[in-house]
Amino acid sequence: MNNPQASVMFIRPESEARNLFARERAVFNCSVKELDRDEPIYTAQLMALQDKFGEVVSVLRSLSDFHLFALCPQSGRYVAGFGRAYTINVEDDTLSPLTKKQD
């Protein structure tokens with residue numbers, strides 16, 4: 001709660017990968033914002049969670065130490081395999097080949 005930054009990674013399961021070191025993955029660096037309980041989006045998101053996960057969400061909702069956070073992607077990187085890495089432009093959802101930095 002004291003650090004408004006987080007990273008999220010989506011990665012292809014090991015069972016689907018031909019090479020574990022070249023698994024397809026996307027990583028997003030995000031800013032983080034706590035959603036207040038009185039915000040309409042708080043209720044909407046908890047209802048979506050309850051639809052997916054059932055009554056356990058109503059228990060979570062009743063706990064005073066339960067917090068809900070919004071993750072807002074700031075930048076991203078997509079790796080499709082060896083030598084195939086891209087920068088994700090989160091503004092327009094485009095990919096640009098990642099180039100090696102010149103010294």
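These legends describe close-up views of a predicted model.

Local features are given where pLDDT is at least 70, and side-chain atom pairs count only at pLDDT 80 or more, while totals for chains, interfaces and linings use all residues. Residues are numbered from 1 along each chain as its sequence is written, and side-chain values use heavy atoms, with hydrogens and water left out.

**View 1. The pair of Phe10 and Phe28 is edge-to-face.** Rings of Phe, Tyr and Trp (its six-membered ring) pair if their centres lie within 6.5 Å, and planes under 30 degrees apart count as stacked, over 60 as edge-to-face and the rest as tilted. By this rule there are two aromatic pairs. In one of them, the ring centres of Phe10 and Phe28 are 6.4 Å apart and the planes stand at 75°, so the pair is edge-to-face. This pair links distant parts of the chain, with Phe10 in strand S1 (residues 5-11) and Phe28 in strand S2 (residues 25-35), 18 residues apart; strands are DSSP runs (E, at least two residues), numbered from the N terminus.

**View 2. Phe10 counts as exposed, whereas Phe28 counts as buried.** Buried means under 20% relative accessible area, exposed over 50% and partly exposed in between (1.4 Å probe, protein chains only). Phe10 counts as exposed because its relative accessibility is 52%, whereas Phe28, at 19%, counts as buried.

**View 3. Tyr78 and Tyr86 form a stacked aromatic pair.** Their rings lie 6.1 Å apart, centre to centre, with 25° between the planes. Tyr86 has a relative accessibility of 25%, so this residue counts as partly exposed.

Key: Helices (H or I, at least four residues) and strands (E, at least two) are DSSP runs, numbered from the N terminus.
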